[in-house]
Amino acid sequence: MSDALARAKVNLALGVVGRRPDGYHELVSVFARLDLADRLSVEPVADGDRLEVADGPIAYRPADDDLVLRAARLLRQARDPQAPGLTFRLEKHVPLAAGLAGGSADAAAALDLAARAWGIALAEDERLTLAARLGSDVPFLAADVDAALVTGRGEHVAPLPGPLGPVGVLLATVGAGLSTRDVFAAWAATADAVAPASGAAGGPSPGQAADRARELAALLARGSSATDLVLAASRLRDANDLWAASVALRPDLAETRRRLEARLGRPVLLSGSGPTLFALYPSTEAADSAADALRSDPALGLARAVIRVTTFRRTPREAR
Ligand code: C5P
């Protein structure tokens, strides 16, 4: 049996710069990998692939076409149609459909575990090609990098160094999951409604989030500290083009962000298509004490938000 940690991500900036003929959207985004991870293990069996869910903090009922099983089937089809069945066991720690790409991280881990179980050596470019077929977030999660400037629909991953030192990341996941597809559809509807007006209703102007993503990529490339990143957060607050679309589907996100910012006294960002909000701290201890303060203050009205603390972490090679 072998196992792996399937680490989640946040988007520190996410620009949507156009729609493609295939229905996907062109992105310019800085992804950063989190320590928060699902656990996945695999065992070869005589026949059939199975996905079992272990007791863990998050309940999960996988479908027959779960990304973990699709990853194994894709690799078998590409490299060894006779490869034996696999039984995967998944322990969920990353909230579902939360903008943290937990399912995509599981798929990336499944690809590596299946390759290991079948003795297949996967070259980096082949891994990334297979990853892209599993989903737009999977190439970043399959790449062994701390952070990256991600473009295209997610398939172009330009590695960046992560911040030096342990950044505390306070996550607040608001209510049930949001479908990425629905959020992009809401974005497209808004874009149609306001085009060609720019910066309508006082929102960020078109292209601003993508510019902020490139600026941040340059900052990380120069070698930034945890403090540099925390200071950059105010420029990143409005650098997620999916914010308005997420709020259209989940209106209480806006009020939750207002309350969090008032209580925490720092900018609160949206990860991916939501509904996870996050704030950055120069240490995990600082994020932990802020989280304790939030949890012990029912008057804040954050009952629908699940608060977690994590950090940015490099995926250890031995876990792959
Ligand atoms: O690639 P993935 O299957 O994870 O994407 C889920 C949905 O999100 C897609 O079906 C598409 O509607 C939307 N999406 C998009 N543009 C992207 C990534 C995702 O429109 N770059």
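User: What is the place of Ala101?

Analyst: Ala101 sits in the loop between E4 and H2. Helices (H or I, at least four residues) and strands (E, at least two) are DSSP runs, numbered from the N terminus. This is a predicted model, where local features need pLDDT of at least 70 and side-chain atom pairs count only at pLDDT 80 or more, while totals for chains, interfaces and linings use all residues. Residues are numbered from 1 along each chain as its sequence is written, and side-chain values use heavy atoms, with hydrogens and water left out.

User: Is Ala101 buried or exposed?

Analyst: Ala101 is buried, at a relative accessible area of 13%. Buried means under 20% relative accessible area, exposed over 50%, and partly exposed in between (1.4 Å probe, protein chains only).

User: And what is phi of Ala101?

Analyst: Phi is near 60° at Ala101, a positive value in a residue other than glycine. Most residues other than glycine have a negative phi. Ala97 also has a positive phi, near 45°. Ala97 is in the loop between E4 and H2 too, but it is partly exposed, with a relative accessible area of 44%.

User: Where is Val94 found?

Analyst: Val94 is in the loop between strand E4 (85–91) and helix H2 (102–117). With 0% relative accessibility, Val94 counts as buried.

User: OK, what is Val94 in contact with?

Analyst: Leaving aside neighbours within four places in sequence, Val94 is in contact with Ala8, Leu36, Ala37, Asp38, Ile58, Leu100 and Gly102. Contact means heavy atoms within 4.5 Å. Arg39 is 55 residues from Val94 along the chain, and their C-alpha atoms are separated by 9.7 Å.

User: Changing topic. Which peptide bond is cis?

Analyst: The bond joining Gly274 and Pro275 is cis, with omega about 5°. Most peptide bonds are trans. Pro275 is in the loop between E8 and E9.

User: Where does Ser273 lie, then?

Analyst: Ser273 is in the loop between strand E8 (269–270) and strand E9 (276–281). Its relative accessible area is 5%, so Ser273 is buried. Not counting residues up to four places away in sequence, Ser273 touches Gly99, Leu178, Thr180, Val183, Leu242 and Ser246.

User: What about Ser41, buried or exposed?

Analyst: Ser41 counts as buried, at 11% relative accessibility. Ser41 is in strand E2 (residues 25–45). Beyond neighbours within four places in sequence, the contacts of Ser41 include Met1, Ser2, Asp3 and Leu113.

User: Zooming out. How many helices and strands are there in the chain?

Analyst: The chain has 10 helices and 10 strands. Its radius of gyration is 19 Å, close to the 20 Å that the globule rule gives for 320 residues, so the chain is as compact as a globular protein of that length. That radius is taken over C-alpha atoms, and the rule is 2.2 Å times the number of residues to the power 0.38. Of the 320 residues, 52% count as buried. Among contacts between residues at least 6 apart in sequence, 75% join residues at least 24 apart.

User: Last one. What pLDDT does the chain average?

Analyst: The average is 92, and 94% of the residues score at least 70. pLDDT is the predictor's confidence in each residue, from 0 to 100. Over residues 195–202 the pLDDT is below 50, and that stretch has five contacts in the model beyond near neighbours in sequence. Residues 316–320 also have a pLDDT below 50, with 11 contacts beyond near neighbours in sequence.
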